[in-house]
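Welcome, and please take a moment to look over the model shown here. We will walk through it together, one place at a time.

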Amino acid sequence: MTNEQLMMEAKKAREHAYAPYSHFLVGAALLTKSGKIYHGCNIENAAYSPGNCAERTAFFRAVYQGEREFEKIAVAGGPKGREADKLCAPCGVCRQVMMEFCDPETFQIILADGKGGCLQHSLKELLPLGFGPENLN
Ligand code: THU
């Protein structure tokens, strides 16, 4: 699965976004090491803070299904009515959720580069010195 293909899946997931407050629609496509894709979208709430990001929706769907091994995630976000072709980087909370389930050295985060292509960063690049399960030992 190429980064571009996974980004297309994230764009499809974005069509499911529930974002009546920010009107900022986000989709994510999470690829497991076994080759399965879990999709997620942002889901907002009238009380605002209970809202969930697309990345966490994808992770929580996958973890519920028993998945624990992840290769990469693509994220596509942007204002409603516009193509999701600009950079939309995961928030700090989502990076921390990734830290729980992924090897920061190898897990890759795929983002739109704003020029029709994709950027790729390891979780370690986006969350340097992150706190994970290993730190509790
Ligand atoms: N959002 C995501 O779903 N993922 C990101 O990477 C950035 C932000 C959502 C949260 C909120 O519903 C909306 O985008 C505006 O912040």
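Predicted model: local features only at pLDDT ≥ 70, side-chain atom pairs only at ≥ 80, totals over all residues.

Residues are numbered from 1 along each chain as its sequence is written, and side-chain values use heavy atoms, with hydrogens and water left out.

Let us begin at the ligand. Around the ligand you will find S22, F24, V26, N42, E44, C53, A54, E55, C88, A89 and P90; a residue is near a molecule if one of its heavy atoms lies within 4 Å of it. This shell is made up of seven nonpolar, two polar and two charged residues. Here Ala, Val, Leu, Ile, Met, Phe, Trp, Tyr, Cys and Pro count as nonpolar, Asp, Glu, Lys and Arg as charged, and the others, Gly among them, as polar.

Now look for polar contacts, pairs of N or O atoms within 3.5 Å. The side chain of E44 has an N or O atom 2.5 Å from an oxygen atom of the ligand. For the side chain of E55, the distance from an N or O atom to a ligand oxygen is 2.6 Å. A54 takes part through its backbone, with an N or O atom 2.9 Å from an oxygen of the ligand. On its own, the ligand has 370 Å² of accessible area, and the protein covers 75% of that; such areas come from the Shrake-Rupley method with a 1.4 Å probe. Two or more residues of the shell come from each of β1 (24-32) and α2 (54-64), where helices (H or I, at least four residues) and strands (E, at least two) are DSSP runs numbered from the N terminus.

Next, turn to the surface. Y18, Y21, I43 and Y48 form a nonpolar patch there, with about 450 Å² of accessible area together. Y48 sits in the loop between β2 (37-41) and α2. Its relative accessibility is 60%, so Y48 counts as exposed; buried means under 20%, exposed over 50%, and partly exposed in between, with a 1.4 Å probe and protein chains only.

Finally, consider the backbone. Most residues other than glycine have a negative phi. H23, though not a glycine, has a positive phi of about 55°, and this residue lies in the loop between α1 (3-14) and β1. L129 is not a glycine either, and its phi is positive at about 55°; L129 belongs to the segment after α4 (123-126).

Methods
Polar contact = N/O pair within 3.5 Å; in protein donor to acceptor, adjacent residues only side chain to side chain. Patch = residues over 30% accessible without salt bridge, like charges linked within 9 Å, V, L, I, M, F, W, Y side chains within 5 Å. Salt bridge = Lys/Arg side-chain N within 4 Å of Asp/Glu carboxyl O.
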